[in-house]
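Here's a quick briefing to read alongside the model. Have the viewer open and follow along.

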Amino acid sequence: MDTTRVGARAGAVLACLTLLLASACSGSDSDKEPAGTPTGSSSAEPAALEATLGKVEGRLKPAAAAAEVAAIGPVVDGWFDAAYVGGKFPRTDFGDAFPGFTPGAVKDARKDIALMTNVQSGADITSVTTDDKTVAVDLLAAKQKAAGATARFTLDFTTAGTAPEEVRVKGQLFLTRDTKNRWRIFGYNVTRSIR
Amino acid sequence: MNARSLIRRCGKLAALAAVLAGTFVIVPGPSAAPAQSVLVKVDQAHGVDLSPDVVWILALGSDARPGEKIVKSRADAIQLVGINTKTGAAAAIGVPRDSYVPITGVGSERINASLYYGGPQLMANSIRNLIGIEPDYVVVTGFSGLINMVNDIGGITVDNPVAFSDENLAPQGFPQGRVKLNGFEAMAFSRTRHSLLRGDFDRSANQQRTLMGILKKIRKRHDQPGFIEMGVRTVIGHTDTNLSPAELFKLAQAVAQVDPAKVTDCVVQGGIGNVGGASVVLPDRALATRLGNEARKDATLERC
């Protein structure tokens, strides 16, 4: 399996990519890039995202596949931050919890907001520590270009507060590119459990 | 979006799957907890952003022989399948291929001739006139397409209500009960008609059993890395389609949301008639309309 790891060393590249993509953003909720940068009483030392390449179906050069993983990682991480581990806690506002989602997927996710964010316990949380976050990206390629992706992820975090919990959010996010060539999440299968 | 503009030609839809069924699992407790084990409900959410919320796919099995175009022949299998991308429900409405109906620009004919005279577009038009639902997509597959697809996913299992055989296609027969089928056997199971008590009607129901078998198998393999991508790649490689790879990927993910427990199906019933010396099915048009009305908004059939 061809593997690309996105860690601290790649951080600068990812940040540039994210900023580049963010610069093309406009109004809607789904267009906003990750807003949940850990601040205030949030996480101490957040774990870095480990993004790897999973299966590639279709012809795609290794460098191109690695670039797609590098582009998709921040989209997934943006949701992790905005929905679960970022922001200032206690937190009750999760209105911007779905950066990187298509408008339709934002609607769907808001119906599932109890699971797709920390909204249920946000008011009782004093801080969140990210224990582990990984994503493996399966790519569908056609004509040497990635056309679709499944991001298989696991996010482990620990909350502190009146009811501390060790939480695991796990599942799949489905992505295609939007008209601005940005990877966007159009669907999801997500489970949430106590570790 | 204009539904008509979405009518698509395809040759083979092998798709994928995802969705973990809501379940209870036993997992180790938190380190601080004294319990040896705990019973935890794993909350689950899923959704796919595809417009409209209920997508209608007209699935056609073409009877094209080798060398013939699958979209320039007659449809042996006709199933209108609705998928509710929000609830995971799906409905299949089967139409006997010999249903005698008016075909726009042609006159009254067996409905399966619509494909021959006007391709997927006219076939979709005839189905809309009968059931009242305009398909968003049309998928046409030939015999080899079905065989390859079933083989690609490792065969399927169907629940067969009545034992039957076919002298040419399945001389060994299909026993009553759960039957494992490879690609060729699935094709034979879906095509056999003469030995079935209610002929075309029972065959249509068997086609729905084949679809269910495919769906269940996809669900069983849904969590394998790259499975959906593999399915879509197969489609791209073997399909005459004007959908982009990204559109196919989204559609495949929508199909993957279907929960077999939420699938309902019916076959449009009717009488047997004779037109010009040829046996035809005279479809119960009121029933066809009712089924369409019932399933249109949520892809659920309450009763047949």
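Leaving aside residues up to four places away in sequence, which residues does A:Val76 touch? They are A:Val135, A:Ala151 and A:Leu173. Keep in mind that this is a predicted model. Below, we start with that spot in chain A and then move on to where the two chains meet.

**Around A:Val76**

- You'll find A:Val76 in helix α2 of chain A, which covers residues 62-85.
- A:Val76 counts as buried because its relative accessible area is 0%, and the cut-off for buried is under 20%.
- A:Gly187 sits 111 residues from A:Val76 in sequence, yet their C-alpha atoms are 12 Å apart in space.

**How chains A and B meet**

- The contact involves 34 residues of chain B and 34 residues of chain A.
- Together the chains bury about 2600 Å², with carbon and sulfur atoms giving 62% of that area.
- On the chain B side, the residues that lose the most area to chain A are B:Ala45, B:Asp49 and B:Glu229, which together make up 22% of what that side buries.

**Polar links across the interface**

- Eight residue pairs are in polar contact between chain B and chain A.
- The interface also has two salt bridges.
- A salt bridge joins the side chains of B:Lys86 and A:Asp108, at 2.8 Å from N to O.

**What chain B brings to the interface**

- β2 (38-48), α5 (227-238) and α6 (245-256) of chain B each supply at least two residues to the side touching chain A.
- The largest share, nine residues, comes from β2(B).
- By type, that side of chain B splits into 17 nonpolar, nine polar and eight charged residues.

Conventions: Residues are numbered from 1 along each chain as its sequence is written. Chains are lettered from A and ligands numbered from 1 in the order in which they are written. This is a predicted model: local features need pLDDT of at least 70, side-chain atom pairs count only at pLDDT 80 or more; totals for chains, interfaces and linings use all residues. Side-chain values use heavy atoms; hydrogens and water are left out. Contact means heavy atoms within 4.5 Å. Buried area is the accessible area (1.4 Å probe) that two parts lose on being put together, summed over both. A salt bridge is a side-chain nitrogen of Lys or Arg within 4 Å of a carboxyl oxygen of Asp or Glu. A polar contact is a pair of N or O atoms within 3.5 Å; within protein, one must be able to donate a hydrogen and the other to accept it, and residues adjacent in sequence count only if both atoms are side-chain atoms. Helices (H or I, at least four residues) and strands (E, at least two) are DSSP runs, numbered from the N terminus. Ala, Val, Leu, Ile, Met, Phe, Trp, Tyr, Cys and Pro count as nonpolar, Asp, Glu, Lys and Arg as charged, and the others, Gly among them, as polar. Buried means under 20% relative accessible area, exposed over 50%, partly exposed in between (1.4 Å probe, protein chains only).
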